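I opened my notebook and went through the structure one topic at a time. These are my entries.

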Amino acid sequence: VIDALGSPFSDVGIYWYFTRSHDSHDEFEDQEDYSYMATAFLSAVLCLGTTWLAFFLRDIKFSPYFPNDSWRTLISDFAVVASILIWTLIANGLFDNVEVERLNVPDSITPTQICCTADCMTSFPDDCPDITPYGRRSWIVDLGAVNGKSWIPFFAAIPALLAFILVFLDDGITWHLINHPSNKLTHGDAYNWDTVVIAAMIAVNSMLGLPWLVAATVRSLTHVNALAERSENGKIISVQETRLTHLGIHLLVLAALFALDVLKLIPVPVLYGVFLYMGVASLASNQFFQRFLMFFMQPSKYPHEPHTKYMAPKRMHLFTGIQLGLFVILTVFRSISVIAIAFPIVIKACIPVRMYILPRYFTSEELLMIDTDDSIVNEYLEYKESKGEKVPVRHCGEQEPEEVPMLQVTQHPIRIDDGSDEEGSVEQV
């Protein structure tokens with residue numbers, strides 16, 4: 001969400017289009033009629049419009065419009081794709097006279113590094129802007145090209161260890177979010193197998209000089225949401241568990257390599273809108289974000305949750321405040337390139353904070369209510385009740401809706417007078 005709207009640590013996001021010095025304006029600065037503010041405003045409209053339309057089309061599933069449920073479900077399932085297509089057409093059709101940043105796609109499938117010389121120790125144009133480059137690097141990375149410094153492979157083991165911690169924790173966090181009981185998945189887990197597959201793919205991608213294959217947390221949650229059947233209040237009822245969607249997604253990614261000219265038509269602000277949609281949609285089921293919003297809510301309007309019922313509001317806010325502080329520290333370490341290498345260490349440091357420091361300030365019962373699955377909380381409450389004990393209610397937020405009694409209909413005899421001399425008949429109504 002932050003990166004889509006405007007990161008404070010890098011020139012990424014919609015906000016930066018409103019600054020004249022943004023790199024996206026350099027390409028058009030020689031045009032006499034170019035206005036960077038017009039580009040910025042159109043970029044903001046494309047981003048926010050893509051997000052809004054994706055949510056609007058997704059919610060059509062519970063609307064009364066269109067012929068039947070099949071049509072509404074189809075529109076809801078392809079809400080994001082439809083939003084991308086519509087706003088791309090708007091940008092290229094209605095506002096073709098306003099320049100916006102386009103997706104930077106190469107003309108061919110080749111390595112992107114351009115070498116200054118045959119040994120490929122330097123790159124064009126950063127290292128040799130004034131000479132004709134030698135050509136692109138080979139597909140296979142030369143592991144022996146260490147520029148005569150034999151100590152580099154040994155020294156590289158240190159950041160490699162940090163990278164391993166980051167990849168492992170990133171994968172583990174994603175696994176546990178996906179397999180959260182609220183998602184109601186029924187298949188078994190395969191954590192070890194996933195780790196082996198990811199390790200093998202990282203080795204292959206490294207040899208080719210390609211980005212690593214790691215768990216994409218937000219996209220993974222979005223994938224679960226796309227396959228989920230939800231109630232009108234947003235609760236997941238069931239999830240269609242299948243491998244066909246994964247196969248289809250990656251086949252389409254492969255097909256996209258042969259449609260590079262089409263991808264160039266997609267404005268980058270539209271993609272920011274997709275990222276914003278995925279982030280906001282994922283926040284809806286994030287307990288930390290929900291508790292953060294409670295800082296600004298009337299206590300009597302708190303949602304009915306174990307941590308709002310069995311914890312005092314001050315204690316709940318204290319826990320959320322500690323989490324918020326750790327989140328800020330993580331964000332700073334992730335975003336500043338000079339210290340970003342320590343990001344995995346900061347993530348790992350959160351584990352002893354939870355295991356050894358927080359229990360000093362919170363009771364085990366409080367940690368159970370605020371940092372455990374609802375199913376385990378229910379088991380604990382049932383156990384206490386079986387022992388004749390009750391967990392004291394510390395605060396009552398918004399009460400659960402009570403059952404509305406059914407209307408009682410009583411049948412009464414009514415005499416019908418049809419105007420005749422005969423006595424009217426009696427009917428039950």
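I began with Lys184, which sits in the loop between α6 and α7 (191–208). My labels for helices (H or I, at least four residues) and strands (E, at least two) are DSSP runs, numbered from the N terminus. The model is predicted, so I noted the limits: local features need pLDDT of at least 70, side-chain atom pairs count only at pLDDT 80 or more, and totals for chains, interfaces and linings use all residues. Residues are numbered from 1 along each chain as its sequence is written, and side-chain values use heavy atoms, with hydrogens and water left out.

Lys184 is not a glycine, yet its phi is positive, at about 55 degrees.

I found Phe66 in the loop between α2 and α3 (69–77). Its relative accessible area is 43%, so Phe66 is partly exposed.

Next I checked the peptide bonds. The bond from Phe124 to Pro125 is cis, with omega near 5 degrees. Pro125 belongs to the loop between β2 and β3.

I traced an open sheet of three strands, ordered β2-β1-β3, with antiparallel pairing. β2 (123–124) and β3 (135–136) are at the edges with a single partner strand each, so one side of each has no neighbour in the sheet. Two strands pair if DSSP finds at least two bridges between them. Strand β1 (residues 114–115) and β2 run antiparallel and are joined by two bridges. Ile114 has Phe124 as its bridge partner in β2.

**The second largest pocket**

I looked up its volume: about 320 Å³. Rolling a probe the size of a water molecule over the atoms shows where empty space is left. My pocket rule uses a 1 Å grid over the protein atoms alone: a pocket is an open set of points where a 1.4 Å probe fits, with protein on both sides within 12 Å along at least five of seven lines, and lining residues have an atom within 4 Å of a point. Grid points are joined across faces, edges and corners, and the volume is the space filled by probe spheres set on the points.

The lining includes Gln113, Asp119, Arg137 and Ser138. By class, the lining residues are seven nonpolar, two polar and three charged. Here Ala, Val, Leu, Ile, Met, Phe, Trp, Tyr, Cys and Pro count as nonpolar, Asp, Glu, Lys and Arg as charged, and the others, Gly among them, as polar.

**Salt bridges**

How many salt bridges does a search of the whole structure find? I got eight. The rule is a side-chain nitrogen of Lys or Arg within 4 Å of a carboxyl oxygen of Asp or Glu.

- Glu366 and Arg315 meet at 3.0 Å, N to O. Glu366 lies in helix α16 (residues 364–370) and Arg315 in helix α14 (residues 313–335), so the pair ties together parts 51 residues apart in sequence. Glu366 is buried at 14% relative accessibility, and Arg315 is partly exposed at 25%.
- Arg354 and Asp371 have their closest N and O atoms 2.5 Å apart. Arg354 is in helix α15 (residues 343–361) and Asp371 in the loop between α16 and α17 (374–386), so this pair ties together parts 17 residues apart in sequence.
- Glu389 and Lys384 form a salt bridge, with the closest N and O atoms 2.7 Å apart. Lys384 is buried at 16%, and Glu389 is partly exposed at 40%.

**Aromatic pairs**

I counted twelve aromatic pairs in the whole structure. Rings of Phe, Tyr and Trp (its six-membered ring) pair if their centres lie within 6.5 Å; planes under 30 degrees apart are stacked, over 60 edge-to-face, and the rest tilted. Phe288 and Phe327 form a tilted pair, 6.2 Å centre to centre with 55 degrees between the planes. Phe288 is in helix α12 (residues 287–293) and Phe327 in helix α14, 39 residues apart. I also noted one aromatic cluster of Phe292, Phe295 and Phe296.

Definitions and conventions. Buried means under 20% relative accessible area, exposed over 50%, partly exposed in between (1.4 Å probe, protein chains only).
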